[in-house]
Amino acid sequence: MKYHIQTLGCQMNFSDSERVSRILENLGYESVEESSKADLLLFNTCSIRQKAEDRVNGQVRNWAQLKKHNDQLIVGLTGCMVRTSSTQKSANKDYLLHYLQGLDFVFRIEELSRLPELLRETHADHSMNPASRLFEMDTGTLQNYFNIIPKYSSRFQAYLPIMTGCDNFCTFCIVPFSRGREKSRTIEEIMKEAQYLVDNGCVEITLIGQKVNGYGLSALDKKTDYFSRFQSRFGGHPFAALLRELSTLNGLRRIRFVSSHPDNMTDDLIETIGKLETLCPYVHLPVQSGDNEVLKRMNRRYTKERYLEIIEKFRRALPNCRFTTDIIVGFCGETKEQFMNTCRLFEEVRFDMAYISQYSPRKGTVSYRFMKDDIPRAEKAQRFNDLNGILRRVSRENNIASVGSNMEILVERCENGICAGRSETFRLVHFPGDSELIGHFVPVTITKARDFDLQGEIAFKHKGQR
Ligand code: SAM
Ligand code: SF4
Ligand code: F3S
């Protein structure tokens, strides 16, 4: 039996798909690149913007067509669009099973342990049931799906989820509804997975979560024995304690984290990050808008001034620190002048990269219900282009300033004699080399700047080089 997973959305979904793969491979499935060769097609969905949902609808319809050539083919869906784990046979069916023709089952990712059961139920619909022997897995041990060791896609880099969910309720955002309340894993669980990764050759770990620096601080966390004991014994920021623990792992060269929130960026956390050698001098800190009125309407509980203060503190603690961000343009009621404040913020912080989104109303959110999506489509597109223009210019200028410097690049891939990898500050660098360098740290001298990447050459012969 062959499976194929398509993943949309953030790093959390990418990591979740690695866990789904582990379960499927334990059941005897093999992964295939081409969807047309699969017996099981799975979509791991994102609901952050309408565009992402539309892509899912189109793809499921295309996949359903493949059933004409393979009557064993089943199509499933997980991720942020799913509300109720169910199959076409369930009494209480998820809304998606009603309106997406050809969809056989869906599951909430937190209920990944139910996947074998849902597959069995779905297969019973078919005349043959070739997978029946595969459903003997002990699902009782899989209650917390984060404790399923993923089928990591890289041997030297990994995403490691430390928390999930979000309690912030930004007025535009669906995540608190799709992912639920903030909940953190224990330091012991995280260390166990990190140790496993390092023992297996991983040199770079990216800690992931919707709000990683809210780690251990949510209302649900504080209700647990674990985090309440933690607070009374150690005080301070649990995320800082976690970072300190992780940085003791021998062999782990780089730790990154994404996404953090200005809310929980306390001084002691910034100081800890500044002191730990393995922590990369790179912070992805979503700001969403450079205007205080818009920030208030978004329910982002900080001001532009506070955001700039955090950036300044990072620069003091880590002089080489680089920043990236997320921005929404055309949010409800955003005037031209308010948008200009975002442009001014971009000039001030000089981000290396920004994920710029045009506001898209999401059903169920506060902005959808109570605010008017009053910026015309063309104006949103214009603001997107204007801001992207500033980003492109600033990023190019930042890159030009790096020409002549040396960077240590962890090589991620190599095609036609050109290697690509990232510096500790997350700069994308291309240089001539061979595929033996993949997974190695290579010193590179920067020779040329482009808008969003750098080119260079190996500074001296690396031992992986012949
Ligand atoms: N937790 C992160 C934070 O605090 O900013 C962001 C996580 S969210 C999954 C990823 C990004 O999607 C957001 O930063 C925001 O820019 C964008 N986004 C979320 N809802 C959106 C909406 N309704 N329209 C446009 N972009 C949206
Ligand atoms: Fe969404 Fe805001 Fe939570 Fe980020 S902090 S996931 S934008 S609600
Ligand atoms: Fe999308 Fe869910 Fe991530 S909505 S951005 S996949 S948390």
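1. Let's start with Arg114, which counts as partly exposed because its relative accessibility is 27%. Here buried means under 20% relative accessible area, exposed means over 50%, and partly exposed is in between, with a 1.4 Å probe and protein chains only. Accessible areas come from the Shrake-Rupley method with a 1.4 Å probe, and for residues only the protein chains shown count as cover. The partner of Arg114 is Glu117: their side chains meet in a salt bridge, 2.9 Å from N to O. A salt bridge is a side-chain nitrogen of Lys or Arg within 4 Å of a carboxyl oxygen of Asp or Glu. Glu117 is partly exposed too, at 32% relative accessibility.

2. A word on what you're looking at: this is a predicted model, where local features need pLDDT of at least 70, side-chain atom pairs count only at pLDDT 80 or more, and totals for chains, interfaces and linings use all residues. Residues are numbered from 1 along each chain as its sequence is written, chains are lettered from A and ligands numbered from 1 in the order in which they are written, and side-chain values use heavy atoms, with hydrogens and water left out.

3. How many salt bridges are there by this rule? The count comes to 36. One network of them links Arg19, Arg185, Glu189 and Glu193.

4. Now look at Arg383 and Glu334, a salt bridge whose closest N and O atoms are 2.9 Å apart. Arg383 sits in helix H15 (residues 377-402) and Glu334 in the loop between E13 and helix H13 (336-349), so this pair ties together parts that are 49 residues apart in sequence. Helices (H or I, at least four residues) and strands (E, at least two) are DSSP runs, numbered from the N terminus. Are these two residues buried or exposed? Arg383 is buried, with a relative accessible area of 4%, and Glu334 is buried at 1%.

5. Helix H15 turns up again with Arg392. Its side chain meets that of Asp451 in a salt bridge of 2.8 Å, N to O. Arg392 is in helix H15 and Asp451 in the loop between strand E18 (441-449) and strand E19 (454-458), so the pair ties together parts that are 59 residues apart in sequence. Arg392 counts as partly exposed at 36% relative accessibility, while Asp451 counts as buried at 19%.

6. On to ligand 1, which has 16 residues around it; the closest are Gln210, Gln288, Arg300, Asp326 and Ser360. To be near a molecule or strand, a residue needs one of its heavy atoms within 4 Å of it. A polar side-chain atom of Arg300 is 3.0 Å from an oxygen atom of the ligand, and one of Asp326 is 2.6 Å from an oxygen atom of ligand 1. From Ser360, a backbone N or O atom lies 2.7 Å from a nitrogen atom of ligand 1. Taken alone, ligand 1 exposes 560 Å², and the protein buries 89% of that. Strand E13 (322-329) and strand E14 (353-358) are the elements that give two or more residues to this shell.

7. As for ligand 2, its surroundings include Cys166, Cys170, Cys173, His261 and Arg300.

8. Finally, some backbone details to check. The peptide bond from Val258 to Ser259 is cis, with omega near -10°, and Ser259 lies in the loop between strand E11 (254-258) and helix H10 (267-275). Arg350 isn't a glycine, yet has a positive phi of about 60°; you'll find Arg350 in the loop between H13 and E14.

Conventions:
A polar contact is a pair of N or O atoms within 3.5 Å; within protein, one must be able to donate a hydrogen and the other to accept it, and residues adjacent in sequence count only if both atoms are side-chain atoms.
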